[in-house]
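This briefing covers selected strands, a nonpolar core and a surface patch. The sequence and the structure follow.

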Amino acid sequence: LLLGDYYLVFDAPPGYLFSPQDVGGDTVDSDANSAGQTQVFSLGFGEDDLTWDAGLYQLASLGDLVWYDWDMDGVQDAGEAGIPGVSVTLYDVATGAFVGTTTDGNGNYSFTGLVPGDYYLKFTPPSGQHIFSPRDAAADDQDSDADQATGETVATTLISGENDTSWDAGMYELASIGDFAWLDLDADGIQDAGESGIAGVSVQLFDGAGNLLASTTTDGNGEYVFDLLPPADYYVC
């Protein structure tokens, strides 16, 4: 090259973006702006300038599924359906910036067009009755990643072009059991019209292993209920 002033223009392949310009020393940083063009530089007599570089990257994506964890084991089992309408928020660790979405009709969600970096997610249950499943109970693409108390995941690093579909949240709803104790006037085992409830009947709740969990008595109408129960096997006496 003759002595003089020059600049370079790099042509990015489809799907690639240019890295931030001039963020480090001349020998290690990227010198192209967002359009691929460098600043003007001068070449002196006999100069061999090998410091003009361009970094490129591809955008990344992150997402997967929020599902009903019927057996509360933190693992996506066959037949456990997705939960629509769950709020999912993506946070950028470096900047604190965030963007939100909701799960679709199948419980899926996705964040696309992400610059490589560190991110974490926060899941928000659709109602107060939903409880998060145990975290990290199996392989990354099959377990629940949300903290049971906060709904947040740990931070993950997305690299150029990565499509990370391993970030899931399992949830379950609390249950209830109960009904009625009544005066069976004809002793046929059927609640007939006019057979009223019996107040003050003692009712005990046991788990499937026979452990006593709670006790109550029927109210003035003969009704009783045990609520806020995790899904499991129970019986009453």
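S6 and S7 form a hairpin with five residues between them, and Gly 96 in the turn has a positive phi of about 80°. Strands here are DSSP runs (E, at least two residues) numbered from the N terminus. This is a predicted model, in which local features need pLDDT of at least 70 and side-chain atom pairs count only at pLDDT 80 or more, while totals for chains, interfaces and linings use all residues. Residues are numbered from 1 along each chain as its sequence is written, and side-chain values use heavy atoms, with hydrogens and water left out.

**Hairpin pairing**
- Strand S6 (residues 87–92) pairs with strand S7 (residues 98–102) in the antiparallel sense over five bridges; two strands pair if DSSP finds at least two bridges between them.
- Leu 90 has Val 99 in S7 as its bridge partner.

**Three-stranded sheet**
- An open sheet of three strands runs in the order S16-S15-S18, with antiparallel pairing.
- Strand S16 (212–217) and strand S18 (234–236) are the edge strands, each pairing on one side only.
- From one strand to the next, the twist averages 20°.
- Strand S15 (residues 202–207) pairs with S16 in the antiparallel sense over five bridges, and Val 203 stands opposite Thr 216 in S16.

**Nonpolar core**
- The largest nonpolar core has 20 residues, of which Leu 62, Tyr 109, Leu 121 and Phe 123 touch the most other members.
- Such a core is a set of buried Ala, Val, Leu, Ile, Met, Phe, Trp, Tyr and Cys residues joined through side-chain atoms within 4.5 Å.
- Two or more residues each come from strand S5 (60–68), S6, strand S8 (108–114), strand S9 (117–124) and strand S13 (169–173).
- S5 gives the most to this core, with four residues.

**Surface and loops**
- Tyr 7, Val 9 and Val 40 form a nonpolar patch on the surface, with about 320 Å² of accessible area together.
- Patch residues have over 30% relative accessible area and no salt bridge, and nonpolar side chains (Val, Leu, Ile, Met, Phe, Trp, Tyr) are joined within 5 Å; a salt bridge is a side-chain nitrogen of Lys or Arg within 4 Å of a carboxyl oxygen of Asp or Glu.
- Val 9 lies in the loop between strand S1 (4–6) and strand S2 (17–18), and counts as exposed because its relative accessibility is 56%.
- Buried means under 20% relative accessible area, exposed over 50%, and partly exposed in between (1.4 Å probe, protein chains only).
- Pro 231, in the loop between strand S17 (223–229) and S18, is partly exposed, with a relative accessible area of 23%.

Key. Patch = residues over 30% accessible without salt bridge, like charges linked within 9 Å, V, L, I, M, F, W, Y side chains within 5 Å. Areas by Shrake-Rupley, 256 points an atom, 1.4 Å probe, with all protein chains shown as cover. Axes fitted to C-alpha atoms, helices over the stretch in contact; angles between N-to-C directions.
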